Amino acid sequence: MVSIIVTHKQCLRYLEECLNSIAEQEFQDYETVLVVDDLQDEPEEFQKVIDKYKERIHLRLFYLERKTGVSAARNFGMDKAQGEYIYFLDNDDYIFEDGIKKLLDVMEDDTEMAYGRVQGTYQGTVTFEEKRDLEKEEERLSAYDFYNPMESRITHYRRLEGLSVLGALYKKSFLTEHNVRFDEEQMYFADVSVIAKIMSVATKMKGNVEAIYVKRRHNDRYNNPALDQTPKVDSMSWYFRAVDKAKEAAKGNEEIGRHLDLIVAKFVTLTLIQKLRWNTEEEPCWKDEYFDEFHRRLAEMNLKKLNKKYILWLEKPVMKAMAKGDREAVRKTGNRLLAKRKLKRMVKNKWSRNKAVALHIFNKMPIKNNYVIFESFMGRNYSGQPKYIYEYMQEHLGNKYTYIWSVDKRGLKIPGKHKKVRRSGIRYFYYMNRSKYWILNMKQPLSVPKREETILLETWHGTPLKRLVFDLNDVVGGVSNYKDKFYRQKEAWDYLLSDNPFSTEKFQSCFMYPREKILEYGYPANDPLYAPDREERAKKIKEKLGIPQDKKVIMYAPTWRDDNYYEIGQFKFDLDLDVNRLEKEFGDEYVILLRLHYLVVEALDMSKYGDFAINGSAYDDVTDLYLITDILITDYSSVFFDFANLKRPVLYYTYDLEKYRDILHGFYLSMEDDLPGPMLLTNDEVVDAIRNIDKIEEQYRERYEEFYDRFCCIDDGHATERVVNKIFGEQ
C-alpha cells in the first residue's frame, strides 16, 4: 500500500483539484493521509470537500496540534502512514492518473526511491493537461540525464528552491531506518536537507520519465503567495540555515556539497550583486550581515572544483572578490558583470538599446508640461477612449498642447495636428520620458518607468463581465508573472476611468485599485452613441464598408478563448457560427459583420462567404460599428455593455459556457439572470432567435431597461468633456 501524505492549511479550490487527482489514480491500493495545519478555510466548506472525497480516496484525516508548519505536518503524516511506501503531495499540486502506478512499475524489492518528472504549471489542471507540449518537454529532458538520480534530483537545479522531495516514491522502511525527518524549525527550504540526506544514503534509485507530478506555480504573490515567493530579504536567514543543514545531512557526500556551494555562488553572481547595487539603503542587510554570510561560505569553498558547466568566466572575478571579503572589489566586479550583461542584451535587442538610452539620457531631461502622448490597444489602432479625448482636445484646446500618438504599424491614419511615433522606436522612448500626460487604454510597458511628474490616465476599455487579474484563480494563456507585472503597472496609474458604479466596484477588486483614484465619468468612446448626427454618421460608415443602405447589419463580436493560442498573447479563434447558413436564411435582409477581439491574430478567410459577410476586424473603431449594427451577437465580450446604450437587441452565442465560466475565467454577473438577451447554445437557436427578433425584444424589454439603468447610467454624450476638465484643469 502507498500512503499519500497531503498537508493543508488553506485554499480549498486547489485542495479539491489535488484530491481529485488522487481519486483518478489507476493504482488503487493506497491511503490518503491528510494533515490539517491551522485551518484557514471556512470549516463548513472544508467539510464539504472532505465528504465529497472521503470514500473515493480512502481518506484518513488528522489535525495537527501543538505544532505548526509543513515540516511538522509531514512528519506527523509519516508517523500515521500505514503503507509500505510514502508519497508526498502538496495541497496545491496534482498528479497524472498513472503517476503512482508508473513509479511502482520500477520499484523493486531493493529499490529505496523511485522518482518521476516534476513539471510546473501556472494553470488549472484541465487546461494544463490539454495544452502540455510534449515536444518541448522532450527537448528539455535531453538537456540532462534523467536516469542519473543525482543529476535528475540535485545537480540539474541551480536554485535552492529546486531541491525537493516531491515527485518521488519512498520506501517507508528506508526513511525509518535512516531517521529521515523534516526539520520542524526550518520555516523555508525544509526539503533541502531531507533530499540531501536521502540522496546521500540511498543505494538504489530508479526513475520513470512517464510518472508526472505537476507543481503549481503561484502567479499571485499578493493574494495567494507560495512559500518561495517570500521576499528574499526575509528568507535569507533560512536560506543559509538550509544550506548548512543539507551539508550536514549529506554526511560528506562531495558531489552534493559541491553542488550546494555552486548554488550559493550562483546566488552571489545572479542576485546579490543586484541587491548590493540597488537595495543597500532600503535593505542594508545585503551589504552587512548577508554579505558576511556569503563571504564566509565562499571563503570556505574550493572554487576550482565547482561545476565549470555552470560557471561563466565573467562570474569568476565576483566569486573571488567575495571569497576575499573585499566589498569594493565585489561592487566593482559586480557592476562590470551587470554592465556586460546589459551590453549583451543591447547588442541583441533594439528595445533594450532604446530603453538604456531613455534611462540614461531622456529620463534626465526636463518634463514637457504641454506634451500629451496617446496610445490605443498598445499602438494597434486609432480608437477607444484615447481617440475621443484626443479629438475633443484638438477641437477645444487646439495648439495649447503638443499631441503625440504611439502606433505599432505604419500607415495608420490619424486626423489633426500631431506627431506619430513607432511604439518600439527611439522617438517613442523620448516622448514617453518627456511627456507630462499619458492617455492609455491598456497597461503601459514596464520598460518605460513613469516619472513622478507624469500624469497617467488609464482609461481602460470596457465594463467587466469576465473576471480579471486579481479576481482570477489562474491566468490561462498569460505569462507566468502576469499578476506581478500588472500590480507594478497599476501602481503607476494616477487615475482609472470607470463607466458605471458596477465597474467602479469591480476595478477596486480585480485591479486592487483605490476608489479615490477612480473617475466614474462614463466612457468617451460612448459619446458618439448619443450624438445628434449619429444616423448620418452611420450612413457614411456603411458606405465606407461597402454595405448597401437598405441592408440591416448583424455584428458577430466574440471574445478570445484563453486556452486557444499560438503563444502567450497570440490567440487563435475557431469560428463556430455557421455563416453560410445565416446567409441562406437571412441574406436578402441582412449582412453579417465579423469582428474578432483585438487579441485574436487569426486572419479570417472571407472568400467563402461572398458579399454577405464583411470583415470588421481590421476596422479601427468598434464604436463606428455599433452605430450601423441592428443585432449584436456576442458571447463573453464586454462589447454588449457599450452597445446597450443604443437599446438594440443582443444575442449571446455561448456554446462553451461551462468551460469558459468554470475553467477559463468565471463571471461577475449571472449569464442566465442578468443579461439583456437569450443565451444560445447551437446554430439552430441562433437562426431561430434572429427569425423571431421582435419577440426576443419584447420578451427581454423589462430586463433590458434594468440593464440599461445599471450599466449605461452615466453615459450621456459628455464623458469626454468631464474627463478633459478633470485631467487638464479646463473649466
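In the predicted model, Val372 has Tyr437 of E12 as its bridge partner. The strands E9 and E12 pair in the parallel sense over 5 bridges; two strands count as paired if DSSP finds at least two bridges between them. Strands (E, at least two residues) and helices (H or I, at least four residues) are DSSP runs, numbered from the N terminus. Strand E12, residues 435–440, is mostly covered, as 6 of its 6 residues are buried. Here buried means under 20% relative accessible area, exposed means over 50%, and partly exposed lies in between (1.4 Å probe, protein chains only). E12 is also joined to E13, by 4 bridges, and these two strands run parallel. In E13, Leu457 is the bridge partner of Ile439.

This is a predicted model, in which local features need pLDDT of at least 70 and side-chain atom pairs count only at pLDDT 80 or more, while totals for chains, interfaces and linings use all residues. Residues are numbered from 1 along each chain as its sequence is written, and side-chain values use heavy atoms, with hydrogens and water left out.

An open sheet is formed by 8 strands in the order E3-E2-E1-E4-E7-E6-E8-E5, with mixed pairing. Its edge strands are E3 (59–63) and E5 (94–95), each of which pairs on one side only. Within this sheet, strand E6 (residues 113–121) and strand E8 (residues 205–216) run parallel and are joined by 8 bridges. Arg117 stands opposite Ile212 in E8. Strands of a sheet pair through backbone hydrogen bonds, either parallel or antiparallel.

Another open sheet has 6 strands in the order E20-E19-E16-E21-E22-E23, and its pairing is parallel. Strand E20 (613–615) and strand E23 (679–680) stand at its edges with a single partner strand each, so one side of each is left without a neighbour in the sheet. Strand E16 (residues 552–557) is joined to strand E19 (residues 590–594) by 5 bridges, and the two run parallel. In E19, Val591 stands opposite Val553.

Side chains of opposite charge can pair when their charged atoms come close. A search of the whole structure finds 43 salt bridges, a salt bridge being a side-chain nitrogen of Lys or Arg within 4 Å of a carboxyl oxygen of Asp or Glu. In one of them, the side chains of Asp261 and Lys247 meet with an N to O distance of 2.5 Å. This pair links distant parts of the chain, 14 residues apart: Asp261 is in helix H11 (residues 254–278) and Lys247 in helix H10 (residues 232–250). Asp261 is buried, with a relative accessible area of 12%, whereas Lys247 is partly exposed at 36%.

Arg423 forms a salt bridge with Glu375, and the closest N and O atoms are 2.9 Å apart. Glu375 belongs to strand E9 (residues 368–375), while Arg423 lies in the loop between strand E11 (419–422) and helix H17 (426–434), 48 residues apart. Both Arg423 and Glu375 are buried.

A salt bridge also joins the side chains of Glu585 and Arg691 (2.8 Å, N to O). Glu585 lies in helix H21 (residues 579–586) and Arg691 in helix H26 (residues 683–691), so the pair ties together parts that are 106 residues apart in sequence. Glu585 is partly exposed, with a relative accessible area of 35%, and Arg691 is partly exposed at 47%. Elsewhere, a network of salt bridges links Arg74, Asp90, Asp93, Asp191 and Lys215.

Most residues other than glycine have a negative phi. In Asn179, however, phi has a positive value, near 50 degrees. Asn179 lies in the loop between helix H8 (172–177) and helix H9 (190–201), and counts as exposed at 53% relative accessibility. Val469 also has a positive phi, near 40 degrees. Its place is in the loop between strand E13 (455–458) and helix H18 (482–490). At 3% relative accessibility, Val469 counts as buried.
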